[in-house]
Amino acid sequence: MSRVGKIERTTKESSIRVELDLDGTGQVEVATGVPFYDHMLHSFGVHGSLDLRVEAEGDVHIDAHHTVEDTAIVLGQALREALGDKKGIRRFGDCWIPMDETLAHAAIDVSGRPYCVHVGEPEQFNTFTIGGNYPFVLTRHVFDSLSFHAQIALHVRVEYGRDPHHIAEAQYKAVARALRAATEPDPRAGGIPSTKGVL
């Protein structure tokens with residue numbers, strides 16, 4: 001069974017197209033107009049073993065916010081579509097990612113109940129822009145939007161870190177690896193992994 005999601009979304013602020021294959025090999029093409037976000041989504045696809053294509057055009061001449069958040073919305077919708085009825089998956093996944101001086105953790109429940117808990121980012125970086133194009137605070141918006149539109153429970157925490165680039169990237173990699181684990185086929189589970197019979 002193919003686990004592919006393809007979603008397009010156009011507003012007055014952005015035009016986004018996302019294609020993803022949950023059973024891919026990490027083949028990624030990303031162009032959002034926000035270079036650091038491209039780097040993060042590339043890491044997300046590679047470490048999640050997703051075949052991922054993202055095409056985004058937005059009002060980046062004003063700010064990166066709309067394009068980044070809207071892309072996360074569409075990414076979440078595509079993920080939800082790709083998951084289908086969620087039959088035979090592991091459902092839960094988590095991952096610790098060390099990146100030099102930074103340590104981040106992500107835990108996922110592909111529950112059908114959207115919830116995001118995001119803690120631990122150093123507050124002194126809240127006004128910092130990574131690479132001159134990606135405001136540090138957008139990472140939380142990305143995971144909020146992703147979890148809501150994919151309908152997953154997502155907990156992300158930064159244990160510690162000093163470099164804003166490492167802090168952001170460790171989170172994206174941790175979420176990607178946790179997602180990969182949660183959505184993998186479970187050879188011991190024949191049906192939907194829930195006592196309710198539905199996710």
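This is a predicted model: local features need pLDDT of at least 70, side-chain atom pairs count only at pLDDT 80 or more; totals for chains, interfaces and linings use all residues.
Helix α3 comprises 13 residues, and the distance from its first C-alpha to its last is 18 Å, close to the 18 Å expected at 1.5 Å a residue. The residues of α3 that count as buried are Leu138, Thr139, Val142, Phe143, Ser145, Leu146, Ser147 and Ala150. An α-helix has 3.6 residues a turn, so residues three or four places apart point the same way. The elements that cover the buried residues of α3 include the helices α1 (35–47), α2 (65–83) and α4, together with the strands β7 (115–119), β9 (134–135) and β10 (153–160).

The aromatic residues may be taken next. The model contains 5 aromatic pairs, counted with ring centres within 6.5 Å. In one of them, Phe125 and Phe128 have ring centres 6.3 Å apart and planes at 65°; because planes over 60 degrees apart count as edge-to-face, this pair falls in that class. Phe125 has a relative accessibility of 14% and is therefore buried, whereas Phe128, with a relative accessible area of 39%, is partly exposed. Another pair brings the discussion back to α3. The rings of Phe143 and Tyr172 have centres 5.2 Å apart and planes at 55°, so the pair is tilted. This pair links distant parts of the chain, since Phe143 lies in helix α3 (residues 138–150) and Tyr172 in helix α4 (residues 164–183), 29 residues apart. Both Phe143 and Tyr172 are buried. Elsewhere, ring pairs join Phe36, Tyr37 and Tyr134 into a cluster.

The cysteines call for a separate account. A disulfide is a covalent bond between the sulfur atoms of two cysteines. A search of the whole structure finds 0 disulfides. Cys95 takes part in none, and the nearest cysteine sulfur, that of Cys116, is 16 Å away. For Cys116, in turn, the closest cysteine sulfur is that of Cys95, and the separation of 16 Å is too far for a bond, because a disulfide requires sulfur atoms within 2.5 Å. Cys95 has a relative accessibility of 13% and so counts as buried.

These local features belong to a protein chain with 4 helices and 10 strands. From the N terminus on, the elements follow the order β-β-β-α-β-α-β-β-β-β-β-α-β-α. The radius of gyration of the chain is 16 Å, close to the 16 Å that the globule rule gives for 199 residues, so the chain is as compact as a globular protein of that length. Along its principal axes, the C-alpha trace spans about 50 × 35 × 25 Å. Of the 199 residues, 52% count as buried. Among contacts between residues at least 6 apart in sequence, 76% join residues at least 24 apart. The accessible surface of the chain comes to about 9,400 Å², and carbon and sulfur atoms account for 49% of that surface.

The segment after α4 includes Val198. With a relative accessible area of 52%, Val198 is exposed, because the cut-off for that class is over 50%. The C-alpha atoms of Val198 and Lys86 are separated by 8.5 Å, although the two residues are 112 residues apart along the chain.

Definitions and conventions:
Residues are numbered from 1 along each chain as its sequence is written. Side-chain values use heavy atoms; hydrogens and water are left out. Rings of Phe, Tyr and Trp (its six-membered ring) pair if their centres lie within 6.5 Å; planes under 30 degrees apart count as stacked, over 60 as edge-to-face and the rest as tilted. Buried means under 20% relative accessible area, exposed over 50%, partly exposed in between (1.4 Å probe, protein chains only). Helices (H or I, at least four residues) and strands (E, at least two) are DSSP runs, numbered from the N terminus. The expected span of a helix is 1.5 Å times one less than its number of residues. Contact means heavy atoms within 4.5 Å. The radius of gyration is taken over C-alpha atoms; the globule rule is 2.2 Å times the number of residues to the power 0.38. Accessible areas come from the Shrake-Rupley method with a 1.4 Å probe; for residues, only the protein chains shown count as cover.
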